[in-house]
Amino acid sequence: MPKAMGAVKQAVPAEIGGERDVAMAGSRAAGAVASTRKILPIVEGVVLLAALLAPLLLQDYLTVFATRVIILALFALSFDLVWGYAGIMSFGQALFFGSAGYGVALLARDLDITNIFLVLPAGTLIGLAFALLLGGFLLLGRHPSSVIFVSLGTLTGSYAADRLARGWYYLGGQNGIPSIAPMSLGSYEFTEGPAFYYLVLGILVVVYLLCRFLVRSQFGLALAGLRENEQRIAFFGYKVQHLKAIIFTIGGAVAGLAGSLYAFHEGFVWPNMVGVVVSTQVVLYVLFGGSGTLIGAVIGAVIVEGVSFWLSDNYRDIWPIILGLLLLLVILFRPLGLISFVLGERERVGSFGARSKENVKEKRNAP
Amino acid sequence: PAPWANAAEAPIKVGIATDLTGPIAYAGNADANVAKMVIKEINAAGGLLGRPLELYIEDTASNESVAVGNVRKLIQRDKVDMVLGGITSSMRNAIKDPIVARGKTLYIYPQLYEGKECTPYLFCTGPTPAQQCDEFIPWLIKNGGKKFALPSANYVWPHTLNVYARKVIEANGGEVVFEEYYPLDQVDFSATVNRIISNKVDVVFNTVIPPGVGPFFKQLYEAGFLKNGGRLACVYYDENTLNINQAAEIEGLASCLDYFKVLTKENPFDAKIQAAYEKDFPGNFLFAAGSAATGTYRGLKLWEAAVKEAGKIDRDSVAAALDHAKIAEGPGGPAEMVPGKRHCKMKMYTAVAKGGNYEIVARSNGLVDPKEC
Amino acid sequence: MLLEAAGIRKVFGKLTALDGAALSVGENEFHGLIGPNGSGKSTLMKCIAGAEVPTTGKVSFVNTDITAFTPTERARAGMSLKFQITSVLPSLTLYDNILLALQAQSSLVDLVFSRTRGLLHDQVMTMLTQFRLADRAFEAAAALSHGQQQWLEIAMALAGKPKLLLLDEPTGGMSLEERRVTGELLQPIKQHCSLVIVEHDLDFIRDICDRLTVLDQGRVLASGTVAEIQANKAVQEIYLRRA
Amino acid sequence: MANAFVAAFEILSFGAIIVLIVLGLGIIASMMGIFNFAQGEFVLLGAYITYLAYAKGLPIWTGMVAAPFVVGGLGFVLEALIIRRFYAAPIVAMLGTYALGLIIRESVRGLIGGFYLTVPEPIGGSIDIGAMHISAWRFTIIVITLLVMAGCYLLLSRTSFGLRMRATLENPSLARASGISTPLMYGATFAFGSALAGLAGALIVPVFSLYADLGLRFLIQGFVAVMVGGVGSFIGPVAGAGVIGTLSAALPWIMAPVVADVLVFVLAIVFIKFRPQGLIAGKGV
Amino acid sequence: MPEFLDIKHLDAGYGRSQVLFDVTLGIPWRGGVAVLGRNGAGKTTLMKTIVGELPAWKGEVAFDGRDISRRATQERVRAGIGYVPQEHSVFARLSVRDNLAVGSLANKKADAVDHVLTIFPKLGQRLDQPAGTLSGGERKMLAIGRAMLGDPKLLLLDEPTEGVWIGVIEEITERLIELAKSIAVIIVEQHLDLALRVADYAYVLDRGRVALQGEAGEVRGNPELMRYLAP
Ligand SMILES: Nc1ncnc2c1ncn2[C@@H]1O[C@H](COP(=O)(O)OP(=O)(O)OP(=O)(O)O)[C@@H](O)[C@H]1O
Ligand SMILES: Nc1ncnc2c1ncn2[C@@H]1O[C@H](COP(=O)(O)OP(=O)(O)OP(=O)(O)O)[C@@H](O)[C@H]1O
Ligand SMILES: [Mg+2]
Ligand SMILES: [Mg+2]
C-alpha cells in the first residue's frame with residue numbers, strides 16, 4: 001500500500017514523517033524481492049484485446065452495459081491517479097464526475113449544445129475547474145494538509161454538493177435532470193450501442209496512455225516521493241503542494257470527462273452522481289482492482305460492475321450482502337487488489353531507474 | 001401449462017422495475033408481489049390474446065445508476081412489451097428515458113406523486129395532488145382548523161404538492177402559517193415543533209418522509225400538539241407507515257388515499273384481492289396504497305383491458321387503447337383513464353388513525369379527476 | 001558569510017530550547033556543532049533548514065534573509081539537510097531515492113518529459129558506488145539496516161549539490177572504521193560546499209571540521225577554530241561536568 | 001424565556017445524541033487510526049437488539065442493557081477475524097469496514113423487512129414544568145451521555161488499561177516489547193468502541209425508530225465531528241460532536257433548514273482548514 | 001549445563017531474504033555479552049529474533065531452560081526479557097511520564113521510577129513532554145530507563161548510546177556494568193571500549209554468521225576484529 005493514513009498520528013512530527021510511519025513502511029516493504037518479470041504489459045494487452053472484441057461477442061444490451069463500465073473505468077482511472085500515485089485520498093471524486101455531468105446536462109437542456117467537440121471539453125473543464133478550486137482550498141496553504149483532512153474535506157465537499165443538488169430546483173432537485181438529448185457530431189447522434197462503445201473505448205485508451213506516460217516519467221517519481229513522505233521531499237526542494245494540486249486537478253479533469261460521457265450515455269443526471277455513494281464506489285473499484293497500477297483501476301471497475309450486474313440478476317434479494325462479502329474477502333486476502341494475483345509488489349511500485357538497470361548490467365558484463 | 005389459444009406466438013412479456021433492495025424495498029417487494037399475483041390471475045384465466053404472460057422483474061435498488069442498467073436489461077435483453085414500476089419520482093425520471101424514448105416501450109408509473117408527468121407513452125395510475133387534496137383539505141379545515149403548517153422534505157414531490165395544497169387551503173378560507181423544507185434525512189425537528197406550537201397551528205399537513213417523520217411526530221406529540229387538539233395530516237400514510245410511531249403519537253392522523261385495508265369490510269372485491277394477496281404473500285410486505293401496490297394492480301388491469309381492446313401488443317395500439325381504458329373493479333373501486341391525459345380517475349377515501357388502525361371518515365362521490373396534463 | 005543565524009530563540013511551551021543561539025558558516029567551511037543532549041543542536045539545524053520556525057531571530061543565507069522561507073525555498077536556494085532520525089522513502093528503490101533527490105530542481109516540463117533521466121543516471125550510480133550501496137541499487141530502501149540508511153540519507157542530502165549541507169548525527173550507529181570512511185567521503189565536497197555537522201564523537205569532529213560551535217542549554221557557549229575550542233575553559237567544564 | 005429554555009434543552013439533547021454516537025467512533029479513530037465505516041451499523045445493531053427485546057415481549061431496558069455487551073462482543077470477534085489484518089493500511093481498513101457495514105446493514109434490512117419500526121421508550125412521556133414540556137427520554141439520554149463520557153474519561157486516563165491501550169495503538173511492536181499483549185488490547189479497544197455504538201443505538205432507537213439506515217444517517221456527521229474535535233485524543237471527538245450536534249440542531253432555529261444543513265459542513269471544513277489540529281489538539285487522553 | 005539464553009543454529013530474515021545463518025550463541029545468567037559487527041551484519045536482526053519480533057526460520061531459542069521460539073513477544077518479555085530497540089524506541093505521542101509508566105506496568109517497586117530519574121535527571125525535567133519531541137539523546141535515555149523499569153532478567157540493548165553525549169555515555173556504562181553483575185545483558189554497540197567494558201564475552205557477526213567469539217579481552221586483541229568492523 002502506498003503511504004496511507006499513517007499520518008493520523010501526526011500530532012507529533014517526530015522529525016519528518018513520524019516514527020510510526022517509518023515503522024510501518026519497514027514492515028510493508030519487507031520481503032520485497034527484486035523481481036524482474038514484466039507482467040504488467042501482458043495484462044494491459046489482454047485487457048485491451050478483450051475490450052476491443054467485446055461488442056462482437058456480447059449481446060447488444062451487454063455492449064451498452066460495457067460502455068457504461070468503460071466510462072466508469074475512466075472515472076476509476078482519475079481516482080487512481082490521485083490516490084494510487086500521489087497518495088491524495090480523494091473521497092469526493094464524484095464531485096468532479098457529477099458536476100461535469102450536471103454541466104453538460106444543462107448545456108444540452110438549456111442551450112441545446114450537444115456537439116461532442118463542445119460538450120466533452122466543457123465537461124473536462126468543469127471537472128478541472130472544480131478540482132482546482134477544491135484542491136486549491138484543501139491542498140494549498142501554510143500548513144501541509146493531512147491525509148485525513150484531505151479525505152474528509154473531499155468527502156464533505158461531495159456530500160455538500162449532493163445536498164445542494166438535491167435542494168436546488170434549477171438542477172431538478174432530488175429528481176435530477178432527465179431525458180438529456182444524445183451527444184451529436186453534426187447530424188449523427190451517439191445513442192447507446194457499439195459506436196458509443198468504441199468512442200468511449202478510444203477515449204479510455206488515449207487517457208490511459210497519457211496517464212501511463214505521466215506516471216512513468218520523472219514526474220511520476222516525484223509523485224511516488226509525494227505519496228511516500230511528502231514532508232521529506234519538500235526538503236529536497238520539491239514544491240510539494242503544487243505537485244499535489246496539479247495531479248489533483250488532472251484527476252478532476254479526467255473525472256469530468258468521464259462524467260460528461262456518463263451523463264450522455266445514461267441520458268440523465270441525478271444528485272447521487274455528485275454524492276458520497278458514487279465517491280465511495282470509485283474507491284471500491286480502485287482498491288478492488290489494485291491501486292497504484294492504472295490497469296488495476298480498470299480491472300476493478302469492470303469486475304465490481306460486472307459482478308454486481310450478475311449478482312443482481314441471480315440473487316435478487318440478497319445481492320448487496322453477497323457483494324459486501326465478496327468485497328470483504330478480496331480486501332482480506334488480497335489487500336493490494338486483484339491485480340496482486342499476477343503482479344508482484346516490486347513491479348507494482350516500479351522502479352524509475354529500471355530502464356537503466358539493463359545498462360548497468362551491460363556495463364558490468366562488457367569488458 | 002394452460003392450453004393457450006395462440007400458443008404458436010411467443011408469450012407477452014411484462015417488465016417490472018422496482019426497489020427490491022434499498023431503503024424502500026418494503027414497497028418495491030409488495031409491488032412485485034402484486035404483479036406476480038395479477039399475472040398469475042390473468043394467466044389462469046387464459047392469458048392475453050390467447051398468449052401467456054411472462055413476468056420479468058428487475059431491481060432498481062433505490063439507486064438510479066443501478067436502475068438504469070437493470071431497466072436496460074428489461075428493454076434490450078428481455079425485450080419486454082411494457083414496463084411498470086419506479087416508486088420515487090427521481091426513479092421515474094431516471095428510467096423513463098431508457099424505457100420510453102430510447103427503448104420505445106410503454107411505461108406505467110404506479111405511485112401517488114406530484115403530477116405534471118406528461119410524457120407520451122408514460123401512464124400514471126396512482127393519485128395526483130388534485131385527487132388527494134380537493135376533498136381532503138376542506139375536510140381538514142372542518143375537522144381540524146384553519147391554520148395550516150406545511151413542514152416538508154426538500155424534494156420535488158412536497159414542493160409541487162404544497163403549491164397545490166396551498167391553493168386549496170386558501171380557496172377554502174384556510175391559512176398557511178408556514179411552509180418549510182428540510183433535508184431528506186433530517187431527524188431533529190425541535191425548531192419546527194417550536195414554531196408549530198408557538199403559532200398555534202391547527203393542522204400539520206406533513207410531507208416529511210421517513211426517516212424524519214417518526215421523530216418529527218414524536219417531538220410534536222411530546223410538545224403537546226395532539227393534547228392541545230392539533231390534527232396531523234399526511235397523504236402518503238397507509239398501513240405500512242402506521243408502525244413508525246406508537247399509536248398514541250399519531251392518534252387522529254388523517255390521510256387521503258385510493259385504498260385502505262379497512263375497506264375490505266365493506267367492499268367484497270377489495271376483500272377478495274386482499275385475501276388473495278395475503279394467501280400468496282403472507283410476509284411483511286403489505287398490500288397498501290402508499291407503496292404503490294394499488295397503483296400497480298390498477299395499472300396492470302388497465303393495461304390488460306387495453307391489450308384486449310387493441311387485440312395486438314405493439315406499443316402504439318396498446319397506448320391508443322390504454323388512453324381510455326377502464327376497469328369496473330379495482331382496489332377501492334372502479335378506475336378509468338382520462339382520455340388524452342394518461343392519468344387515472346379513481347375513488348378517494350379519507351381515513352383517520354385510531355389506536356393504530358384506520359377508520360374511514362369520508363369518501364368521494366364517484367371517481368375523482370386527476371386534473372393533470 | 002554563507003550562513004548567518006543570529007539571535008535564534010525557540011520556545012516550546014514552557015521550555016526554551018534555544019535562547020539566542022547564533023551560528024555563522026563561511027564558504028567551503030566545515031563547521032561542527034556540539035553540545036550535550038538536549039542543548040538544542042537539532043532544533044537549531046531545523047530552524048536553519050526550515051523544519052521549525054524560530055520564535056525570534058534571523059537566518060540569512062548567501063546574503064538573503066531566509067527567515068520566512070519554506071523548506072522548499074531553502075532547498076532551492078541551496079541548502080540540504082539530513083535528519084537525525086533517518087527518513088528515507090522506504091518502498092522506493094535506493095536508485096529512486098537518489099534520483100528523487102537529484103531531480104528535485106528540474107523544471108516541471110523536464111520532469112514530465114523525463115528529460116533529465118539519462119543525464120542523471122551516471123550521477124546516481126556514482127553516488128551509490130561511493131557509498132557502497134551500488135549492488136543494492138534496485139532494492140527497496142526499507143530493506144537497509146539502520147547504518148546503511150544513514151549512508152543513503154547522506155547520499156541523498158549530497159545529491160542536490162547544495163551550497164550548504166546540514167548533517168545531524170550522520171554517523172550514529174556506525175563503527176569507528178565506518179566513521180572514518182564517512183569522513184573520507186565528505187572531504188571532497190569541501191571544494192563546492194560548506195558543511196554543518198552535529199556529532200557527539202569529538203575525534204571525528206576534530207578530524208574533519210575547521211571550526212566548532214558549542215551549544216549548552218540553548219546558548220552558544222563558545223565558537224571558534226578547533227584549537228580555540230579545545231583550549232576553552234568553559235567548554236572543558238561542561239565536558240567534565242558529568243563525566 | 002420558557003421558549004428559550006425549551007430551545008436550549010432540545011438543542012442540548014440533540015448534541016448529546018451526537019456525542020453518544022461519536023464516542024465509539026472517536027475512540028476507534030483516535031486510538032486505532034481507523035475510520036470505522038461500520039460504526040453506523042454497530043449503532044444499528046444496538047437498536048435492533050433493543051427492538052428484538054421489545055418484540056419478544058421483554059422489558060425494553062433489558063434490550064438496552066444487553067445491546068452494548070452483544071455489540072461489544074461482536075466487535076471483539078470482528079476485530080480478531082477481520083480488522084486485525086488492516087492496521088498497516090488504514091485506507092484499506094476503511095474499505096474493509098465499509099464492506100462489513102454493508103453486510104450488516106443489508107442483513108438487518110432483510111430481518112426487519114425494510115420497515116420503520118417503533119420502539120417505545122422505557123421512560124416515556126414528558127416532564128412538564130409549567131407550560132413547558134420536556135421529553136423525559138431525551139432528558140435521560142443527556143444524563144446517560146454525561147455519565148458515559150465521564151466513565152470513558154476515567155477509564156482511559158486513570159487506569160492502566162487506558163495506558164496499555166494508548167501504548168499499543170501508538171507503537172505496537174514496542175508495546176509488545178514492553179510486555180503488553182497487543183492482540184488483546186486491539187480487540188478490547190475495538191470492542192469498547194463497538195459497545196459504545198451499541199449503547200448509542202439502544203438509547204436512540206425510541207427517538208428515531210428502527211430502520212436499516214439508522215446508523216448510516218449519522219456516519220458522515222460523526223466523521224466530521226471527529227475531525228473538528230481533533231483526532232488523537234478522547235476529548236477531541238467528544239467536543240467536536242458536541243459542537244456539530246448543537247450546531248445542526250441550533251441553526252434551523254435561525255435560518256432555512258436546508259441552508260443550515262449544508263452550512264454546518266462548510267463551516268466545519270473551513271474550521272479544520274485553518275485549525276488542522278482540531279478544537280483540542282491531540283494531547284493527553 | 002544449559003546457558004540462560006541458548007541459541008542454536010538459528011536462521012532468520014525478512015520475507016524471503018535470509019539474514020542470519022546458523023547463529024549459535026549462549027548467554028550466561030549474569031554478565032554482559034557484546035554483539036559486534038559492521039553495518040548490516042545482522043545485529044539488529046538477531047535482537048529482533050531473540051525478542052520474537054521476527055520469527056526464527058530454523059534452529060532453537062531457549063530461555064531459562066524453556067524453548068521460547070514459538071512464543072509471542074509479550075510473553076517473552078513477561079518471562080523476563082527487556083529490550084531497547086535501535087529505532088522507534090519510545091512511544092512518541094505518550095508523555096515521558098506515561099512512557100515510564102508503561103515500562104513499570106509489571107514492576108511492583110514503588111520507587112523504581114524515581115531510581116531511573118536519578119540516573120537520568122534530564123528526563124525529570126521533561127515529564128509532561130510527548131516523548132516524540134525529545135532530543136535524540138534524551139530519547140535513548142528514556143528507552144533505556146523504560147526497559148530497566150521492567151525489571152528484566154535479560155536485557156537486550158541495541159545501540160543504547162547512539163546519539164548520546166559522551167558525558168552521559170560514561171554514566172550509562174557504569175550503570176550497565178553494575179547491572180551486569182546481577183542480570184544478563186546483551187549489548188550491541190559501536191563504541192568498542194564501552195561494549196567491552198560492559199561485556200565479559202563478545203560475538204562478532206559478519207554477514208549474518210558468527211565470525212569471531214571469545215572473552216572480551218581476547219576479541220579486543222584479535223587482529224581480525226578490525227577487518228570485520230570495517231565497511
Ligand atoms: N517539539 C518540541 N516540543 C517540546 N520540546 C521540544 C520539542 N523539540 C525539542 N524539544 C526539546 O528541546 C530541547 C532541545 O532539543 P534538540 O533536539 O535540539 O537537542 P539536541 O541538542 O539535538 O540533543 P541530542 O544531542 O540529544 O540530539 C530538548 O530538551 C527537547 O526535549
Ligand atoms: N525490513 C527488512 N527487509 C529486508 N531486509 C532487511 C530489512 N531490515 C534489514 N534488512 C537487511 O538485513 C541485513 C541485516 O540488517 P540489520 O538491521 O540486522 O543490521 P545491523 O547489524 O543491525 O546494522 P546496523 O549497524 O546498520 O544497524 C542488512 O543487510 C539489511 O539490509
Ligand atoms: Mg539532536
Ligand atoms: Mg542495527
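A residue is taken as buried when its relative accessible area is under 20%. In this predicted model, T44(E) has a relative accessible area of 19% and is therefore classed as buried. The residue belongs to helix α1 of chain E, which spans residues 43–51.

The surroundings of T44(E) were examined next. With residues up to four places away in sequence left aside, T44(E) touches Q86(E) and D158(E). The side chains of T44(E) and D158(E) are joined by a polar contact of 3.0 Å. Whereas T44(E) lies in helix α1 of chain E, Q86(E) is placed in the loop between β6 (81–84) and α3 (96–103) of that chain, so the pair ties together parts that are 42 residues apart in sequence. Q86(E), like T44(E), is buried.

The shell contains 22 residues, of which S42(C), T43(C), R126(E), S135(E) and G137(E) come nearest. Polar atoms of chain C approach oxygen atoms of the ligand in several places. An N or O atom in the side chain of T43(C) is 2.4 Å from an oxygen atom of ligand 1. For G38(C), a backbone N or O atom lies 2.8 Å from a ligand oxygen atom, and for S39(C) a polar backbone atom is 3.3 Å from an oxygen atom of ligand 1. On its own, ligand 1 has 640 Å² of accessible area, and the protein covers 91% of it. Two or more residues of the shell are given by each of β2 (15–25) and α1 (41–49) of chain C, and by α6 (136–149) of chain E. In terms of residue class, the shell around ligand 1 comprises 13 polar, five nonpolar and four charged residues.

Of the 367 residues in chain A, 66% are buried. Among contacts in chain A with a separation of 6 or more, 80% are between residues 24 or more positions apart. The accessible surface of chain A amounts to about 12600 Å², and carbon and sulfur atoms account for 69% of this surface.

Terms used
Residues are numbered from 1 along each chain as its sequence is written. Chains are lettered from A and ligands numbered from 1 in the order in which they are written. This is a predicted model: local features need pLDDT of at least 70, side-chain atom pairs count only at pLDDT 80 or more; totals for chains, interfaces and linings use all residues. Side-chain values use heavy atoms; hydrogens and water are left out. Helices (H or I, at least four residues) and strands (E, at least two) are DSSP runs, numbered from the N terminus. Buried means under 20% relative accessible area, exposed over 50%, partly exposed in between (1.4 Å probe, protein chains only). A polar contact is a pair of N or O atoms within 3.5 Å; within protein, one must be able to donate a hydrogen and the other to accept it, and residues adjacent in sequence count only if both atoms are side-chain atoms. Contact means heavy atoms within 4.5 Å. A residue is near a molecule or strand if one of its heavy atoms lies within 4 Å of it. Accessible areas come from the Shrake-Rupley method with a 1.4 Å probe; for residues, only the protein chains shown count as cover. Ala, Val, Leu, Ile, Met, Phe, Trp, Tyr, Cys and Pro count as nonpolar, Asp, Glu, Lys and Arg as charged, and the others, Gly among them, as polar.
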